Amino acid sequence: MAATIIDGKAFAAEVRGKVAEHVARLKDDHGITPGLAVVLVGADPASQVYVRSKGKQTVEVGMASFEHRLAEDTAEDELLGLIDHLNADPEVHGILVQLPLPGHLNEDLVINAIDPAKDVDGFHISNVGLLGTGQKSMVPCTPLGCLMMLRHHHGSLSGMDAVVVGRSNIVGKPMAQLLLGDSCTVTIAHSRTRDLPGVVRRADIVVAAVGRPEMVPGDWIKPGATVIDVGINRIDAPEKGTNEDGSVKTRLVGDCHYASCAEVAGAITPVPGGVGPMTIACLLANTVTACCRANGLPEPEGLTA
Ligand code: NDP
């Protein structure tokens, strides 16, 4: 039987709707407008697209968007000064520094300069520690989006075998913590894992966050398992023809081979239209959560881990 497609685009729209409702209530009942500041250093084209999209969606849900674009050669002190300023600004409830930063800037230093309460990316070492010890934290957006989709699809995840392929700090490790928090039995696989196909085949839930196009084929998937494909990879698509400059057109694929996985899985997220849209929706959710916490107000239900 063909897998159920977990429609991240539709679910992200639902999450944004809930965020917008909560933002309206904060404005009407308390006169508070949640604000998100995004800092972009340099002119990386992909980062510019993300920042534009974040700003647009922030405004669409009724929040205030503050964009800070700094030159590629910005000195570390200047960037840290801006973060200090944003930390102290009562109109800013969330701060996001777009990664990657230019090579001369120390990413860890910069991220750890953000007030943890405003760290809506959830990368500050305090938030990493809070998540790891099961305490209230700001949760990284991509794994939070995956968790929300899994809960929405399954209800309880308790007792399920979950395999996370990838151990990065921004996806794999926090994803594993979240699944553990929901009482899954969690395995983290990586490039040194022995018998990766055998490990993945045991899983009721597979989260692939590897960055290798279509690496996970359908015959690694246990029949009926749920597959969450975090990967976003651009590959040549000669079947689509060529661009005006003669270069081959491209298309996006995930870390899972969609067609073969969809034949075996019980449910699967597509790429594009799966995890991707949920990431920005969760950034907005984290901002509204941060705003409520900053003002001692109840947090919106269903928008946190
Ligand atoms: P990283 O490169 O930081 O981490 C990749 C992980 O995959 C590493 O832990 C690595 O293992 C593991 N890995 C690499 N090759 C293999 C292999 N052959 N077998 C098993 N494991 C392997 O990537 P990210 O976590 O940042 O991102 C992963 C993917 O998710 C990328 O495609 C990225 O574009 C996408 N992404 C999507 C987002 C979204 O919004 N949808 C947001 C963030 C990322 P090791 O540690 O041993 O090297």
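Helices (H or I, at least four residues) and strands (E, at least two) are DSSP runs, numbered from the N terminus. This is a predicted model, in which local features need pLDDT of at least 70 and side-chain atom pairs count only at pLDDT 80 or more, while totals for chains, interfaces and linings use all residues. Residues are numbered from 1 along each chain as its sequence is written, and side-chain values use heavy atoms, leaving out hydrogens and water.

**View 1. The largest pocket has a volume of about 1300 Å³.** Its lining holds 46 residues, and Y50, T142, I232, G276 and T279 are the closest to the centre. A pocket here is an open set of points on a 1 Å grid over the protein atoms alone, where a 1.4 Å probe fits, with protein on both sides within 12 Å along at least five of seven lines; lining residues have an atom within 4 Å of a point. Grid points are joined across faces, edges and corners, and the volume is the space filled by probe spheres set on them.

**View 2. Elements around the largest pocket.** At least two lining residues come from each of α1 (8–30), α2 (45–60), β4 (94–97), α6 (141–154) and α10 (275–294). Helix α2 gives the most, with 7 residues. Because domain 1 (31–116) and domain 2 (141–277) both contribute to the lining, the largest pocket lies between them; these bounds come from an automatic or database domain assignment.

**View 3. The second largest pocket has a volume of about 430 Å³.** Of its 17 lining residues, F123, I125, V128, N169 and I170 are the closest to the centre. Helix α5 supplies the largest share of this lining, 4 residues.
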